[in-house]
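Welcome! Please take a look at the sequence and the 3D view below, and then we can walk through them together.

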Amino acid sequence: MRNVNAWAIHRDPTMWSDPTSFKPERFENWKSEAYTHMPFGMRRRACPGEGLAQRVMAVTLGSFIQCFEWEKVDGKDIDMAEKMHTMMCRVEPIEAMCRVRPHMVDLLS
Ligand code: HEM
């Protein structure tokens, strides 16, 4: 058994500038450098679903945003505090409601 602390590597300021800021543009024309970014793990036990996930994530997320209006149940900002578990979890889980956007009602009902 081996454990690699991908959490720490993904937040390492010697590898990433301003590592905790949401900057999707950092991945534009981005070339993978070995072991700096490994959301799907690496090598023998790496995620076999990576190809599928990479293909469907954008369209899934885009559909969620295009088709539904989202709202947090408690109306507060998202609390990003983390706690360790077998997997990384939020201290406060996100509870959200969605409503079909008006222009999608006929298509989705
Ligand atoms: C955004 C989507 C996903 C992410 C971020 C993700 C990430 C991961 C990670 C980090 C691992 C552990 C790799 C390791 O142990 O080093 C893993 C394992 C695994 N993933 Fe995913 N995954 C995703 C989607 C999927 C999908 C779509 C499937 C199947 C259709 C899948 C199937 C698996 C399986 C079967 C393993 C266990 C592989 C093994 O232990 O040999 N994953 N995934």
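## Two domains

Into which domains is the chain divided? There is domain 1, covering 1–47, and domain 2, covering 51–109; these bounds come from an automatic or database domain assignment. The centres of domain 1 and domain 2, taken over C-alpha atoms, are 23 Å apart.

Before going further, please keep in mind that this is a predicted model, in which local features need pLDDT of at least 70 and side-chain atom pairs count only at pLDDT 80 or more, while totals for chains, interfaces and linings use all residues. Residues are numbered from 1 along each chain as its sequence is written.

## Helix α2

How does the span of α2 agree with its 18 residues? At 1.5 Å a residue, α2 should span 26 Å, and its end C-alpha atoms are 25 Å apart, which agrees. The expected span is 1.5 Å times one less than the number of residues in the helix.

Helix α2 also has a bend of about 35° at V56, where the bend is the angle between axes fitted to the seven residues ending there and the seven starting there. Among the 18 residues of α2, the count of buried residues is zero. A residue is called buried if 20 or more other C-beta atoms lie within 10 Å of its own, exposed if 12 or fewer, and partly exposed in between, with C-beta atoms placed from the backbone.

## Around the ligand

Which residues are around the ligand? They are P39, F40, G41, R45, A46, C47, P48, G49, L52, A53 and M57, where a residue counts as near if its C-beta atom, placed from the backbone, lies within 6 Å.

This shell divides into eight nonpolar, two polar and one charged residue. In this grouping, Ala, Val, Leu, Ile, Met, Phe, Trp, Tyr, Cys and Pro are nonpolar, Asp, Glu, Lys and Arg are charged, and the others, Gly among them, are polar. Domain 1 and domain 2 each give at least three residues to the shell.

## The loop between α1 and α2

Most residues other than glycine have a negative phi. Now look at D18, in the loop between α1 (6–10) and α2 (50–67): D18 is not a glycine, yet its phi is positive, about 50°. R43 lies in the loop between α1 and α2 too, and its phi is also positive, near 60°.

Are D18 and R43 buried or exposed? D18 is exposed, because 9 other C-beta atoms lie within 10 Å, and R43 counts as exposed with 9 C-beta neighbours inside 10 Å. T20 is in the loop between α1 and α2 as well, and T20 counts as exposed because it has 10 C-beta neighbours inside 10 Å. T20 and H10 are 10 residues apart along the chain, and their C-alpha atoms are separated by 8.7 Å.

D79 sits in the loop between β1 (68–72) and β2 (82–83) and counts as exposed, with 12 C-beta neighbours inside 10 Å. Leaving aside neighbours within four places in sequence, D79 is in contact with R90, V91 and E92; contact asks for C-beta atoms, placed from the backbone, within 7 Å. From D79 to L52 there are 27 residues in sequence and 30 Å in space, C-alpha to C-alpha.

V105 belongs to helix α3 (residues 105–108) and is exposed, with 11 other C-beta atoms within 10 Å. V105 and C67 are 38 residues apart in sequence and 8.7 Å apart in space, C-alpha to C-alpha.

Note on methods: Helices (H or I, at least four residues) and strands (E, at least two) are DSSP runs, numbered from the N terminus. Two residues are in contact if their C-beta atoms, placed from the backbone, lie within 7 Å.
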